[in-house]
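Let's take a walk through a protein together, starting with the overall fold and then zooming in on a few spots. Keep the picture open as you read.

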Amino acid sequence: KEVPLGGEDAMRVRRTLPNLKRSFVGAWCFVDHYGPDEGACMDVPPHPHTGLQTVSWLFSGEIEHRDSGGVHAMVRPGQVNLMTAGRGVVHSEEATGSYGGRLQGVQLWVAQPNQTRATDPAFEHHAELPQVELGQSVATVITGSFGSDVSPARQDWPAVCIQGAVRPGRTVWP
């Protein structure tokens with residue numbers, strides 16, 4: 001379904017999870033895709049999170065993150081921001097516009113397991129992620145492990161997130 005991101009006049013996201021038939025896929029509890037939008041207005045004011053992690057991954061654009069732990073970070077295409085709410089954090093996200101106006105990305109939400117739900121909030125930014133060559137294609141390992149490559153992002157759950165760039169020709173994926 002489509003939902004506004006930061007107000008009724010703001011950019012809309014397509015939310016795959018949760019839906020009427022499924023609320024989780026493993027630990028993934030929200031899956032949002034936004035864009036591509038020219039001149040997109042992503043302005044999500046400060047709001048709280050507890051007991052979950054957000055994985056922010058962009059295809060185009062730039063987003064500014066600020067949180068109550070004093071973190072100020074950007075995320076750009078090919079990079080990942082991982083915010084761990086633990087016992088609680090307040091954060092905001094805003095498209096900067098410095099990228100020329102086109103914004104597209106995904107944000108995946110993960111329910112933290114009981115062992116880490118009451119931990120201190122944390123934030124990670126990873127500018128470089130491992131890439132696995134698969135014949136004519138390449139997979140970027142955003143979280144978890146794929147083949148012999150492991151993402152540097154914290155992992156409180158047994159889940160894998162990759163972006164696959166499939167090129168012409170034959171590729172066999174494990």
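Begin with how the chain folds back on itself: among contacts between residues at least 6 apart in sequence, 66% join residues at least 24 apart, where a contact means heavy atoms within 4.5 Å. Before going further, know that this is a predicted model, in which local features need pLDDT of at least 70, side-chain atom pairs count only at pLDDT 80 or more, and totals for chains, interfaces and linings use all residues. Residues are numbered from 1 along each chain as its sequence is written, and side-chain values use heavy atoms, with hydrogens and water left out.

What is the protein built from? It has 16 strands and 0 helices; both are DSSP runs numbered from the N terminus, with helices (H or I) needing at least four residues and strands (E) at least two. The radius of gyration is 16 Å, close to the 16 Å that the globule rule gives for 174 residues, so the protein is as compact as a globular protein of that length. That radius is taken over C-alpha atoms, and the rule is 2.2 Å times the number of residues to the power 0.38. Along its principal axes, the C-alpha trace spans about 45 × 40 × 35 Å.

How much of the protein is buried? Of its 174 residues, 46% are. Here, buried means under 20% relative accessible area, exposed means over 50%, and partly exposed is in between (1.4 Å probe, protein chains only).

T54 sits in strand 5, residues 52-60, and with a relative accessible area of 2% it is buried. Leaving out residues up to four places away in sequence, T54 touches H49, N81, L82, M83, Q107, L108 and W109. T84 is 30 residues away from T54 along the chain, yet their C-alpha atoms are separated by 6.7 Å. The other threonine, T140, is in strand 13, residues 137-143. T140 counts as buried too, at 8% relative accessibility. With residues up to four places away again left out, its contacts include W57, L129 and C161.

Most peptide bonds are trans. The bond joining G35 and P36, though, is cis, with omega about 0°.

Finally, on to the charges. Side chains of opposite charge can pair when their charged atoms come close. How many salt bridges does a search of the whole structure find? It turns up 6, counting a side-chain nitrogen of Lys or Arg within 4 Å of a carboxyl oxygen of Asp or Glu.

One of them joins R15 and D32, at 2.7 Å from N to O. This pair links distant parts of the chain, with R15 in strand 2 (residues 12-17) and D32 in strand 3, 17 residues apart. R15 is buried at 18% relative accessible area, and D32 is buried at 4%.

Another salt bridge brings E62 and R76 together, at 2.5 Å from N to O. E62 counts as buried at 8% relative accessibility, while R76 is partly exposed at 35%.

Then there's D120 with R87, whose closest N and O atoms are 1.9 Å apart. D120 lies in the loop between strands 10 (102-111) and 11 (122-126), and R87 in the loop between strands 8 and 9 (89-95), so the pair ties together parts 33 residues apart in sequence. D120 counts as partly exposed at 47% relative accessibility, and R87 as exposed at 53%.
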